[in-house]
Amino acid sequence: MATFTGTQQLPPKSPIVFQMSGSIGNSMMAPNKGGRGEDYKTKWIESQKDSNSSTARPFLATDPLFTSMMDEVKKAIMTGDDTRKVVVRDLDSFLYDVEKHKGTVDSCIRWMILYHAAEKLPVAPPDSILESFEDEALREVVKIIAEREPHLSFEDPNHDWRNVGSKALKHTIKGQCKKKDHWNVDKKRTTPFHRAASQGNFIVIPVMISSLKLHCEKLANVEPLKRHPLFRPPHKDPPIQLITHVLSSEEYERRSTALKLVTWDAVVTPAMLKTLTELLEYPEIAFDPDTTFTDSLSAGKVNVVEEFLKKPKLAQKFVTAENIIKALDARPRVHPIEMDSSSSAGDAEEYDHDAPTGARPGSPPSWHGEAPSHRRELGDGDSAKDDDEDIEGDGQPPDQQENVVDGPTEILRILLRYAEKDDYTPGVIHKIVQLDAMDIWEMVSDQELDTSWLLHLAVSHHNLQFVKHFIKKYPESVISKAQVHDPLWPHAVLKPPPKTTGVGNDAASQNTEEESTEKHYPLWYNNSIRKPSSGWTKRTADDPEPHAGIRRELVMETIKRTETMQKLLEILEGSEERIKELCFELSQFNSKSHRVRDFAHSLILHQEHQDLLSYEETIKYARFPALDIHSDNTNTIALPIRDEHTEVFDILDWLYQTKHVRTILELKVLDRLINPHNELDIAQYVEDFGVEVLDWRFLDMSVSVLKEGTKKRLRGLHLYSSGKRAAISHWLNKEDGLPSKAFENLQFVWIHVIQDLMTKEQCTATRSYIKNKLKDFKKKDWVVPSARPWNPTSERLPSLEDIAQRAFPKLSRFILSYRDYATGSTIPKDKKAGHRPTKVAIIDNGIMSMTPAPPNAIPGSKPRRPGTRTREVKGAGESTSKTKDGTTTGRSRSGNQSGTIPDTASKPNDDEGQADGDKRPRTLWSRVQRGRSFVDDEGQVSPWMFASDPHGTQMANLICAIDPLCEIYVAKVTDSNKYGITPQRVAKAITWATDNDVDIISMSFSMVETSPELDKAITRAFTKGIVMMCSNHDEGSVASKAYPASDELTHAIAACDEYGALLRETEDKYAYKVHALNIAAGSVPFLDSSERVSGSSVATAIASGLSSLILSCVRLNNPGWEQSLRSNVSNTKEDEKRYRHKLVTKYLDAMVVPDSKSYLSLEKFGNMNVRFKDGEHMNAQTILEDAFKRHYVDLATEGKDLKFGG
């Protein structure tokens, strides 16, 4: 019978013109005269006579006939091939020799014989190499009929063919049956083919399919109307489609295909599996609308699923995200996931996988249930046997039966074995994490998946096991934002809670498109809860507490991975986390005036509001001040040591026992030189707190005392050397020192050579010894030697980086990122090679940039060798020479004179504690290229590098702090800040700066008069495109003019407070006003100076630094642009060469706050206030490639206003 699923009857498909009994013609073999054919005929007639005509049951009557035929063929096979051929010929004569056995056997009887054969179970097991005689006989009997009449195997005698027409009807069994009473009793409502499938008859099925294949190939060119109704599609199909059409037809009795019947039972035996294999030689029969695969998947039939997927076509079709999710849902919940009570009901509603899936009645139950056997068809008088008997009757021992309990997991493994990258959709990943299927994830994780959101997903499900796994494998995820995809729509994302305004219900329902795609840190998902009605929302008092274990893991790893406290606070606050103390900071404690021991005891005994000071279990660092600089410190070598110091241990015990701190990632203790803390106890505390970066100032500390866990865990280590070679050799020993495998995670080591304990020559020799020891190491860069005093001196040069951070906290984020990018390894080579630093001339009272040497740092002088003539400026760190014009030039140690960015910028020798390998300029002196003094009264020249007033030095500090790569040209025009500046000196200084081809001239002073020489010098500098920044006078309305600020060719800069209000009212015009009230400029050693300064001089220096930074950014991002611009204007008038002037002006204009009367906002530099939010990590490269791209640069040089995109 040929019908598909449902009740719709398919058009009859007929593959060949079938000649039924009576018209089949001559038999294939000549009949054996009086042979077995007559015997079969006689037996058949006798069996019919024995039956009462009123109760005749032809089907039962054919049973002894079939048995007799099987016996004869089996005996013949056992006898030999000749006898076998004779018996097969006699059978064929009996069944098909119409002339000799006319009317004896028709298609109806042959169909019944096929049906008997289909019910006959094979004797030999499916995996047997040798076939039994009975199985071979069965094949021969079926082959005789199937080769003659292929359609009989697939025809249901009870099928209603009324719609096929009278011509087609005669080709059917019923149309050719000679005895109508055959169809009045014992009607079979199936086909031999379907019966064989339900019995797992892997002997009969291949014969039927093979005969069908040959038949369909012959029908390829036969008109459909001339075919049997089974093979009558509405159009000419290729043979493969005809075969598929027949094999995928449903039987009438159970409306099931052969595939469904062979996999019907809960346990699919090897015989059934072998039959399935034969059927799947035509994999198209498993396509829609057949549901055998999905039913078997849901039922946990491992061997069936695996057999399907062995076919490439079926693997491609059925290995999908949907089926993987189904298999995941079928797994037993061995490890239930901790879920929120408020969302469990919603989740159950959304994931009701036990709901009906459209399966027909009587379909297989769930994978762990029981299923009735349908391998036997019950006749009259038969009784049903237990399912277990049926299973055992199939010859399948109980110990070889499928382990149903492990079915879903095994099916998952099979599906994933065939899965491809595209099959791992967000929905699949979501389900694996949701169900805590770590064993399954291990099969998935080697795929090229998007891992950016996996940790966030695990946190959203409160799955601690997966959280730990993802943190270990993708640690950077803890400090990155991501969306969590929604499980119901694999390509959607979970929407965050709507932002409420507190005005009515409409406000709560507002949820913009931007909000729906908002990303969050992993910790945010631990503090939020997903409810079915409103999606993600912040936890309330009625909701369960966040998962404590997950919080602990995330906070600890976030602290580890975050470089700055600012970024750490941004992540925690952005995650709506209730923050406890993240560090123990005591380094700023005034240990010179107060004993740390006394403070430690007071801290431990403090009882008031103890809960007010609470710490995270993991803190980023603990830092302690110098312990041996108190005024009455009596621990000296000359006195005996009476007491053991434990104040640091006491505080660490207090943190552990009272504040429940368990991990300190970085520990810094400036211990005593004499009688420090116990070395062995230090090692124990470092181990107990899981320290990863250790900086305990302990002279010649032994690394052998460190615990094995500490050695393995340490990422960074600071060591302090007295110069003893034994200690250094011990540290750098390959066997058990720092290069050994014990310190496998060590990334950097600082070896500080203490200058106080040796001469300068000994210090240099010690550092050279360390460098020589490092030559044989593969990782040479991770050990950094440096020289430093034991305790810092009272005065030291301010770090330009520190000045930037204190004076311009928001702009400094860009400055630091810009410096790292410009001097780092990620910058493209063409940009690095083509960049020219901005040259800034500072016309002021000179500079003073000397670091005070530590006491006794300079040993007794030694006699110079004869002939030595070289002079060095002590403490400057650079050799000096004089040019023809009297200018003093400074040559950096790197010897870089090209004007390009060096691979490592030069470093002065007077930076305390700065490593040899760290060549970034940190002090003012390293930035000076040339200097010239124009103070030469009465034959005396006041040197430019020995200023007597801090003004010029502090202005230079501000400029260099803003542009970390600029070059400084110092012109001294006065000894004082306020007096002695004359137009003649300024004119000479401007001319000198112009001759040195500077880009910017900064003049943080004002005069009440000018001169022709000064006007001429200003005009010449302006013509060459030099940007001149000048201070507006701070004398109120007393002075009507201030020079050179009053010259229209310069930029006059006024000072204001942070709100834009001028510090002093003035009638003069000014180009810009800058916040210049109490700005940190750094104190100047050896001079009477204040840390903070104010006034228009400060505003001018800041404006000059901004102008320098603008030019530096333009040049860095547009290599070769300046050269091409100059060549394009080489033949034009001089005033058209003023591209720098136009460029700086337009970029500064873009920083002006609207309606503020030219108030420059440093936050608007490069449009960074729009591109980056407060607290967000600053990426200088992004700003360079956006605000300083060629399009905006060209607009600025053309004098057009800049309007940056949002």
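Select Phe308 first: apart from residues up to four places away in sequence, Phe308 touches Leu259, Leu276, Leu280, Ala286, Thr292, Phe293, Leu314 and Phe318, where contact means heavy atoms within 4.5 Å. The model on screen is predicted, so local features need pLDDT of at least 70 and side-chain atom pairs count only at pLDDT 80 or more, while totals for chains, interfaces and linings use all residues. Residues are numbered from 1 along each chain as its sequence is written, and side-chain values use heavy atoms, with hydrogens and water left out.

Buried means under 20% relative accessible area, exposed over 50%, and partly exposed in between, with a 1.4 Å probe and protein chains only. Helices (H or I, at least four residues) and strands (E, at least two) are DSSP runs, numbered from the N terminus. In soluble globular proteins, nonpolar side chains tend to be buried together.

**The annotated active site**

Select Asp844, His951 and Ser1097, which UniProt lists under "active site" in an unreviewed entry. They span 254 residues in sequence, yet no two of their C-alpha atoms are more than 10.2 Å apart, so they gather at one spot. UniProt positions are given in the numbering used here, feature names are shortened, and annotations may be inferred rather than shown by experiment.

Centre on Asp844, placed in strand 10 (residues 839–844). Asp844 counts as buried because its relative accessibility is 6%. Beyond residues up to four places away in sequence, the contacts of Asp844 include His951, Gly952, Lys972 and Ser1004. Continue to His951 in helix 38 (residues 951–962); His951 is buried too, at 9% relative accessibility.

**A buried aspartate**

Go to Asp695 in strand 6 (residues 693–696). Asp695 is buried yet has no salt bridge, and the nearest side chain of opposite charge, Lys668, is 4.1 Å away. A salt bridge is a side-chain nitrogen of Lys or Arg within 4 Å of a carboxyl oxygen of Asp or Glu; Lys and Arg count as positive and Asp and Glu as negative, whereas His and the chain ends are not counted. Show Tyr720 as well: a polar contact of 2.5 Å joins its side chain to that of Asp695. A polar contact is a pair of N or O atoms within 3.5 Å; within protein, one must be able to donate a hydrogen and the other to accept it, and residues adjacent in sequence count only if both atoms are side-chain atoms.

**Backbone stops**

Most residues other than glycine have a negative phi, and most peptide bonds are trans. Select Asn675, a residue that is not a glycine but has a positive phi of about 55 degrees; Asn675 is in the loop between strand 5 (663–670) and helix 31 (679–688).
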